[in-house]
Amino acid sequence: MASTFFELPSDLLASLMTTFPCRDAQINALTTLIHPRIAPCRNIVVHGTEATGKTAIVSELLRTLRDDEPSHLHYAIVKSAECVTARHLFERTAGLVGDALPSPSAPGRCENLAALTAELSKMLKHVEEAEGDARPRFVLAFDGIDRQRDAPPTLLPALARLSEIIPNLTTIFIVATPSPSLLRASSPPHVRFPPYTKAQYIAILSRTPPPSLPNTTQQETADLWTRFAAAVHDSLARPAAHSLPRLEQACAALWPRFTAPVAAGTHKAREFSKLLIAARAYFQDESVLEPGIQRAPPAATGDAVAHPHPQPQGKRSTDLSALLPPTARYLLIAAYLASHNAPRHDSVLFSTWHAGGARRRRRGGAAAAGSATPNSGRRAKHRRIARKLLGPGVFVLERMVAIYVATRLEWTGGPEDGRAGTAAVGVDGDVGMAIATLASLRLLVRVGGGVAGATVGAGGGADLDRGGKWRVNVGWEVIRGVGRSMGVEVEEWLIE
């Protein structure tokens, strides 16, 4: 009775369910809503998160139904990711529909939705007249239409009205998360593709086990692969493998490392707990899954294979001392000194013509701290908080550049007399570019209003007006690390 009603080959849905396991309900629902002899609908919304099989199942189902001889079904799938504008979407839709028809015809220009509607009506009307009583049906699928670029707000409701004007048309909208008023139509059928569960992930991965390991049967390898896939899902599903393709990549990357003791003969395939303990480091850090060029491991010896503990790998550095060029680091230190030292102390710290010279500059912080308490035996009346613990102050850009010019030679190990190389240090294009880099990274922040402050956003903080006011945006721990990477003790250049 069911086969007479559906009029489908017995192996039609069975082949689809074999190709796409754990999606039986979605395949049955789509077949019922698309096939011309069952219950074809005007509009269908297929939704679900990324990598849940929406596009693949819809494409394979439409191809299978088209190849079924009595169905008289034709289809076209329009990928919105390949269309840069709404007009491009209309032109491509008309072209794909014309190519999918039994007698291909060159469509006219479709600059707007009205022209697209007229062109589709003309092409599909000729097909209906040519096939006569066969009652052909055309399915038009829009993949990722919710992410269409430069789309007007009425694009989806207008596309949903196409099936009202063209009787033999079914429109499928493949989206990620549909809104309640997506099509502004009365209750179009929705087919949801939920994320795979752990049991479904393991069932899908268990269908394609790897080749048998040395000294191991295929059944033992398949059993080990199933337990291994469950362990990978439990440890890496959330941080690094939250979809089926990424979980497959993670399993493929970790399987040779996990089974290395089995291949070496030190462990057996049934000793899953021992294998898991030996390779626990791979399940605790997802850095091994990052793509990139890696050095080939050396030839494994007997001791190395017997104890396959991974060597510690260098992690990506996020330290500013490793990311910023030298000029930017020197300027950042100068900005910190300008923010945390009062301008009246600049002549003591940075001027080579002041009494004391470089020798005094190198001990500026300690000398100032010692002079603040002339009577060490008597407690000071007022205790002051260290400047480095307070918030940064505002400085003028010209002052920061002057500190950079005055200290660059001494920080780089130049001559003690700053007059010998003042002209060589100077301000050039590299300094301006370094300031713009620090401003774009929000390490230096422009403060104040008016005309000078209004241009900050346009250039990412690259307005280099020498009278502009700035503030450093890094703390003491960061600037101390940057200074030590350049051989500079920043604390010696602060006056408490």
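How many helices and strands does the chain have? The chain has 25 helices and eight strands. Helices (H or I, at least four residues) and strands (E, at least two) are DSSP runs, numbered from the N terminus. This is a predicted model, in which local features need pLDDT of at least 70, side-chain atom pairs count only at pLDDT 80 or more, and totals for chains, interfaces and linings use all residues. Residues are numbered from 1 along each chain as its sequence is written, and side-chain values use heavy atoms, with hydrogens and water left out.

**The whole chain**
- Of the 496 residues, 41% count as buried. Buried means under 20% relative accessible area, with a 1.4 Å probe and protein chains only.
- Residues 24 or more positions apart account for 72% of them.

**The five-stranded sheet**
- An open sheet has the strand order β2-β3-β4-β1-β5, with parallel pairing. Two strands pair if DSSP finds at least two bridges between them.
- β2 (73-79) and β5 stand at the edges, each with a single partner strand, so one side of each has no neighbour in the sheet.
- Neighbouring strands are turned by 15° against each other on average, direction ignored.
- Six bridges join β3 (residues 137-143) to β4. F142 has F173 of β4 as its bridge partner.

**Strand β1**
- Six of the six residues of β1 (residues 43-48) are buried, so the strand is largely enclosed by the rest of the structure.
- In a regular strand the side chains alternate between the two faces of the sheet.
- N43, V45 and H47 point one way from β1, while I44, V46 and G48 point the other way.
- β1 runs parallel to β4 (residues 169-175), joined by five bridges. N43 stands opposite T171.
- β1 also pairs in the parallel sense with β5 (residues 190-193), over four bridges. Here V45 has H190 as its bridge partner.

- Helix α17 (residues 326-340) packs against helix α23 (residues 429-440) at about 70°, with their axes 9 Å apart. Axes are lines fitted to C-alpha atoms, for helices over the stretch in contact, and angles run from 0 to 180 degrees between N-to-C directions.
- α17 and α23 are therefore roughly perpendicular to each other, a term for angles of 65 to 115 degrees.
- T327, A328, L331 and L332 of α17 meet D430, V431, A434, I435 and L438 of α23.

Conventions
Parallel < 35°, antiparallel > 145°, perpendicular 65-115°, else oblique. Contact = heavy atoms within 4.5 Å. Buried < 20%, exposed > 50% of the residue type's maximum accessible area, 1.4 Å probe, protein only.
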